[in-house]
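User: I am new to this structure. Please take a close look at one part for me: the places where its pieces touch.

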Amino acid sequence: MKPTESESVSGEFSFETTSSDVEVTWGERLRDFYEEFIYKPGLVAWNDRRTKIGGAILMVYVLMATVGAWFYRVPTSNQATRGLRPFEVWSAPLGSTASGEDILAMVIHATPSMLIMIATGGVFATGVAVLIGTVAGYKGGIVDRGLTSFSDVMMSIPGLPLVMVLAVVFSPTNPAVIGILITINYWAGLARAIRSQVLTLRENSYVEASRTMGASTPRILFKDIIPNLMPYVLVNFANAARYVVFTSVGLYYLGILPTSVANWGLQLNNAYKQAGALVGTGALYQLIVPMLAIMGIALALILLSQGLDRVFNPRVRTRLAGGSESTTSNEDETTASNEVMT
Amino acid sequence: MNYYVERTIRALLTVWLVITLTFGMIRLLPGGPLVQLRAELSRQGYSASRINALIENYQNVQPDQPLYVQYFDYVTSLLQGDLGQSITNPNSVASIIGDALPWTMFIMITSVVLIFAIAIVWGAVMAYREGSTFDVASSSVSILLGSMPFYVLAIGLVVLFSYKFQILPARYRTSPGVEAGLSVKFIVDALRHAALPIASLVITGAGLQALAMRGNSISVLGEDYVRVARLRGLSDRRISTRYVARNAILPMYTGFLTLIGFYFGGSPILEEVFTYPGIGYYLFQALENRDYPLMMGIFLVITIALVLSVYIADLTYGKIDPRIKSGESSETY
């Protein structure tokens, strides 16, 4: 990944300031960060239909988790007539279960813990991956060998069975812990990908400049290398988040995680095993509502990751800005969709 | 050659580490399996020495020996193919796996082959008509299908095809009373039972792979050698098969083998939905019953399947795609 024009300019900028011993103030730094990573990408993102739709859908979930969960009633048994079908009465718009729980309330109150799980899982996976990937790629030599072998081993342990075994042994109930547990070895593949990106970045002139000036390794990593990786990291954050959704719902569906936390997977399980949604198709709506909730958030995350990929891929960015002819680099897209499968 | 040796050592190292990890989980975790098993057995009124003997039988671990002896015993019996004795099932872990593994492999390999066959054709057509309505519509459909977890689709398929229309069976590998063998009846029956599990993997998986193929093809189409081939006046057929298809398909090869491995990991959910007794189904049973010997045995087998598929992918990739010279040489500094 080549740095865009603006990024290499900011590289020179920091070079000059450090040589004249003038520190950039926090305010300026924040403004730069805002310009580079929020405003500009935001502008391009707004032009991409996929990010727009994905962002909008995700917003709905955030509203559901905050405002919705705050105002809408908590699901309990016998709060509505038992076995209501959707759109029959307004007090329980999506119907109720056989024990009289409001289905809409169940969906809404499962959202906060799901978002917490996604956020912690995504932050953990991408955070560890960035840390290990950049250090391995930048330091090289024995450090690289050690860290790469470690990632390789972690990568070769099958994710879902490992998580299942650990979930049974520890039976975690905190959504944040579950998020981390699910991504316990998901970071490894990402760390390898980031390492190979760093291998190309470390030869850049501005990194070499920092090195000859004697900047410390953490400083080089945080100031010169990681900012250039941010786009890639964000795309993969969305992929990791989708992985957390799929895996957690699957685990709850199987009944492996403790049932004390509300989750769409539990609703699936209830509808499938207790309400007999399969046998008589009468209870089918109890299955479809959580299914839609799962698919909606997964769709939002795929759209975001695909859209963000476009936004941050410099070559594509010029095309979006009305630039030159299109020979799209699709390498990122390939790795992204391969990772999606994990 | 050096690369191959190194890669082999790394694969063996991984397997060894996972064996050690399972041993650690069984033996060292506070409140771990052995403690629970011991509590369970003493509740059933066994004497202390009897419990030790039983534990040794189940897990190839002699609890009264020092740790390194236990570890040595555990590893040597694993190497001899002895994975211990299931607690809830009368058969040994090895025989349960031997019975279940072929079925899971059948589902996974068939699914992945179908996924790639569809993805290659679909992706190539999308790339060829880049920007057309077909391309836009296909990309949207791929994304939509990819946003569906395979088990969610699986549940939907069971509802629709097994219960509503009653065309295909909802559970088990074969109908009761059908003898395994090379008879037409058996094969048709097995295929009918495998149809829905395979369909749920293929439908949710093919779209995203097609997008990957589309990406590869578009970048190949932009290469100079394709332009040169056009200028040389080669036929479209020759260009599309010899130049574009070949170079676009090769990068997907590693994905092919790793995907089999990954789907192996997802087998517990799939096989539980369809009550399909493959290794995933038994893994789930073992988890539910806290049958640790069976659980760890299957976990090991799935890991080895994954390690093996990635290992084969890495070794053969350089041979198949001449642009990649023996793996890592392109990225060493």
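Analyst: A polar contact is a pair of N or O atoms within 3.5 Å; within protein, one must be able to donate a hydrogen and the other to accept it, and residues adjacent in sequence count only if both atoms are side-chain atoms. By that rule, one residue pair is in polar contact between domain 1 of chain B and domain 2 of chain B (both at pLDDT 80 or more).

This is a predicted model, where local features need pLDDT of at least 70, side-chain atom pairs count only at pLDDT 80 or more, and totals for chains, interfaces and linings use all residues. Residues are numbered from 1 along each chain as its sequence is written, chains are lettered from A and ligands numbered from 1 in the order in which they are written, and side-chain values use heavy atoms, with hydrogens and water left out.

Start inside chain B. Its domain 1 covers 3–80 and its domain 2 covers 104–324; such bounds come from an automatic or database domain assignment. The C-alpha centres of these two domains lie 35 Å apart. Contact (heavy atoms within 4.5 Å) joins 17 residues of domain 1 of chain B to 14 residues of domain 2 of chain B. Buried area is the accessible area (1.4 Å probe) that two parts lose on being put together, summed over both. For this domain pair it is about 1400 Å², 75% of it on carbon and sulfur atoms. A salt bridge needs a side-chain nitrogen of Lys or Arg within 4 Å of a carboxyl oxygen of Asp or Glu. Between the two domains of chain B the count is zero.

Which elements supply the domain 1 side? Those giving two or more residues are α1 (2–27), α2 (33–43) and α3 (48–59) of chain B. Helices here are DSSP runs (H or I, at least four residues), numbered from the N terminus. α1(B) gives the most, twelve residues.

Now the two chains. Chain A puts 58 residues into the contact, and chain B puts in 57. Together they bury about 5000 Å², 74% of it on carbon and sulfur atoms. The interface holds two salt bridges. One joins the side chains of Arg10(B) and Asp152(A), at 2.8 Å, N to O. On the chain A side, elements giving two or more residues include α5 (141–156) and α10 (217–254) of chain A. α12(A) gives the most, with ten residues.
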